[in-house]
Amino acid sequence: MTAVVRSAVTGVGGYLPDGVVTNDDLAKFVDTSDEWIRERTGIQQRHQAAPDQPVSDLAVEAARRALAAAGRTPADVDLIVVATTTPDLTFPATAAIVQRKLGCPVGIAFDVQAVCSGFVYALSVADGFVARGRSKCCLVIGAEEMTRLMDWTDRGTCVLFGDGAGAVVLEPVEGQGTTADRGLLGFALRCDGSKQDLLYVDGGASTNGQIGYLRMQGNQVFRHAVVNISEAVTAAAEDAGIPVADFDWFIPHQANQRILDGVARRLGIDPAKVIVTVAEHANTSAASIPLALARGVQDGRVKPGDLLLMEAMGGGLTWGACALRL
Ligand code: UT7
């Protein structure tokens with residue numbers, strides 16, 4: 001056994017904007033129903049940011065909570081990685097805006113764009129800094145205002161998404177190079193760009209110069225989701241050297257209750273071990289995993305030392321999974 005440096009999650013925080021939109025609220029202006037949305041997705045409501053509340057504000061609140069949980073202050077932070085698809089501005093990176101708003105010292109700050117898989121991708125990128133000694137205190141934040149990308153006349157997408165942010169503090173800890181170590185233990189990241197047309201936003205600075213709207217062939221994405229996610233989860237567990245059955249908690253991206261159930265069934269995961277927030281949060285893209293983690297930690301289910309498996313899939317198509325010990 002050789003001593004190794006691992007990136008450990010030392011604090012977790014989540015933030016949801018105050019505005020709540022129920023399924024019945026949506027049914028007032030789009031041809032849908034509470035019954036259809038609940039049955040097909042499990043979603044009951046979603047949070048929506050105020051018009052003057054940019055995504056960096058959500059990220060800052062989640063980050064403050066994560067720093068407090070870790071016993072750190074903004075002055076300690078030397079690296080910020082924000083996973084977002086809905087930045088405040090085309091540039092600078094939302095991470096740079098978060099650094100300014102938190103009052104962190106000059107350090108490293110940048111965004112990662114992998115849509116709903118963004119948080120898993122961002123964790124992997126941050127791990128490269130922390131485990132190599134290039135960061136002593138890193139914020140990894142998933143923050144999204146997906147409601148800004150909705151075509152409110154498209155019932156196939158506008159009922160599915162919500163706004164929110166979640167953050168973790170990553171710090172280096174010494175391990176023995178075994179599965180008993182605390183920290184990030186395994187990853188599997190994937191992208192199949194040939195499936196772009198299944199889920200994308202039809203706008204961009206270098207094409208039509210617009211923000212655009214989210215477009216999705218939902219049933220096609222659904223078809224890929226369970227198979228792709230299950231493969232990545234198995235690969236991340238293998239990368240960590242830990243059987244899937246040994247993990248304490250499964251913390252998935254929250255797109256659809258039927259996807260969560262399908263993946264758990266395929267992998268033989270006890271549904272009681274799955275942290276589910278989709279009913280209250282809907283799909284918050286890169287924010288959904290850290291928000292679910294924050295929920296599990298806050299209500300006392302997820303404890304230090306627990307083994308966690310996280311997974312996500314989204315536009316790209318991207319997908320991926322991460323294994324860690326809290
Ligand atoms: O996080 C990024 C990854 N995204 C996902 O993982 C999303 C994956 N996809 C899904 O979750 C599901 O495919 C949806 C929830 C988007 C749709 O559920 P579905 O069971 O695949 O329905 P469908 O798209 O096959 O549509 C079935 C019917 C259609 O009507 P017809 O053609 O059968 O008459 C739709 O027009 O349901 C209709 N429909 C709706 N009806 C009421 C679609 N959206 C709605 C709606 N309300 N909001």
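**Ligand shell and domain arrangement**

By residue class, the shell around the ligand consists of 11 nonpolar, 8 polar and 4 charged residues. The structure is a predicted model. In total, 23 residues surround the ligand. The closest of these are Thr32, Arg40, His253, Asn256 and Asn283.

Of the 950 Å² of accessible area that the ligand has on its own, the protein covers 72%.

At least two shell residues come from each of α2 (34-41), α6 (155-158), α7 (218-240) and α8 (257-267). Among these helices, α7 gives the most, with 4 residues in the shell around the ligand.

The domain assignment divides the protein chain into domain 1 (4-175) and domain 2 (183-325). Both domains take part in the ligand shell, each supplying at least three residues. Taken over C-alpha atoms, the centres of domain 1 and domain 2 are 14 Å apart. The contact between the domains involves 52 residues of domain 1 and 47 residues of domain 2. The size of an interface is often expressed as the accessible area lost when the parts come together. Between domain 1 and domain 2, the buried area is about 3,700 Å². Carbon and sulfur atoms give 68% of this area.

Backbone geometry was also examined. Phe91 and Pro92 are joined by a cis peptide bond, with omega about 5°. Pro92 is located in the loop that runs between β4 (79-83) and α4 (94-102). Another cis peptide bond joins Gly316 and Leu317, and its omega is about -10°. Here the second residue of the pair, Leu317, is found in the loop between β12 (307-314) and β13 (318-325). A further backbone feature concerns Ala282, a residue other than glycine with a positive phi, near 55°. The position of Ala282 is in the loop between α9 (278-281) and α10 (288-298).

Terms used. Residues are numbered from 1 along each chain as its sequence is written. This is a predicted model: local features need pLDDT of at least 70, side-chain atom pairs count only at pLDDT 80 or more; totals for chains, interfaces and linings use all residues. Side-chain values use heavy atoms; hydrogens and water are left out. A residue is near a molecule or strand if one of its heavy atoms lies within 4 Å of it. Accessible areas come from the Shrake-Rupley method with a 1.4 Å probe; for residues, only the protein chains shown count as cover. Ala, Val, Leu, Ile, Met, Phe, Trp, Tyr, Cys and Pro count as nonpolar, Asp, Glu, Lys and Arg as charged, and the others, Gly among them, as polar. Domain bounds come from an automatic or database domain assignment. Contact means heavy atoms within 4.5 Å. Buried area is the accessible area (1.4 Å probe) that two parts lose on being put together, summed over both.
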